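Me: I have a new structure open and want a quick tour. Can we start with the pocket and then go over the charged pairs?

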Amino acid sequence: KWNNRLYNMLQVGQTRWSDFAFQAEDSPKINPIDGSPYGEHKVDDCWSVSLGSEYLWLLRRTEIPFRAGLGWEQRPAIGRPDEYWSVSLGTGFSLGKGRLKCVFDVAYVYEWADDVMGSLVPGEDVRSDVEKHQVFLSNIWHF
């Protein structure tokens, strides 16, 4: 928090997919990515990094946030993790002050990856490019 109007956020995370297995009752452990016996195909741990910023434009009767973010995420796959990238933008406005306030918000996220999802069809080298567009709307009432 740089001041009451400008915020930044950095998040770094790891998911330990190398420890993940599925085991039904009285059955051996299997790799949930491709169904092979656990330990036969290596699955690497995955990392993610997100960076975001928000600026609040404070007016007499409302406040308007401006948000932007960048992200990189690895997702589990056989051999090496798949890499996904994202950018996001958002804004909104509030009505009311104090305890009684209504906040409207909208956000857009664009995510892409090249040459991924090869582990979805075991035994086949089927890979794909991914583009995903998402729009999020919210309305929050404070009372």
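**Pocket and salt bridges**

Reply: In this predicted model, the lining of the largest pocket draws at least two residues from each of β2 (46-58), β3 (63-75), β4 (82-97) and β5 (100-116).

Me: How many residues line the largest pocket, and which lie nearest its centre?

Reply: The lining has 18 residues, and Val49, Ser50, Leu70, Gly71 and Ser86 are the ones nearest the centre.

Me: How much space lies in there?

Reply: About 250 Å³.

Me: And how does the lining divide into nonpolar, polar and charged?

Reply: The lining residues are 9 nonpolar, 7 polar and 2 charged.

Me: OK, other topic. How many salt bridges does the structure hold?

Reply: There are 9 salt bridges. Among them, Arg75 pairs with Glu111 at 2.7 Å, N to O.

Me: Which strands are those two in?

Reply: Arg75 is in strand β3 and Glu111 in strand β5, so the pair ties together parts 36 residues apart in sequence.

Me: Is Glu111 buried or exposed?

Reply: Glu111 is buried, with a relative accessible area of 11%. Arg75 is partly exposed at 24%.

Me: What else does Arg75 pair with?

Reply: Arg75 also forms a salt bridge with Glu73, with the closest N and O atoms 3.2 Å apart. Glu73 is partly exposed at 31%. Through shared partners, salt bridges join Glu73, Arg75, Glu111 and Lys132 into one network.

Me: What does Asp44 pair with?

Reply: Asp44 forms a salt bridge with Lys42, their closest N and O atoms being 3.1 Å apart. Lys42 is exposed at 62%, while Asp44 is partly exposed at 21%.

Methods:
Residues are numbered from 1 along each chain as its sequence is written. This is a predicted model: local features need pLDDT of at least 70, side-chain atom pairs count only at pLDDT 80 or more; totals for chains, interfaces and linings use all residues. Side-chain values use heavy atoms; hydrogens and water are left out. On a 1 Å grid over the protein atoms alone, a cavity is a set of points where a 1.4 Å probe fits but cannot get out, and a pocket is an open set with protein on both sides within 12 Å along at least five of seven lines; lining residues have an atom within 4 Å of a point. Grid points are joined across faces, edges and corners, and a volume is the space filled by probe spheres set on the points. Helices (H or I, at least four residues) and strands (E, at least two) are DSSP runs, numbered from the N terminus. Ala, Val, Leu, Ile, Met, Phe, Trp, Tyr, Cys and Pro count as nonpolar, Asp, Glu, Lys and Arg as charged, and the others, Gly among them, as polar. A salt bridge is a side-chain nitrogen of Lys or Arg within 4 Å of a carboxyl oxygen of Asp or Glu. Buried means under 20% relative accessible area, exposed over 50%, partly exposed in between (1.4 Å probe, protein chains only).
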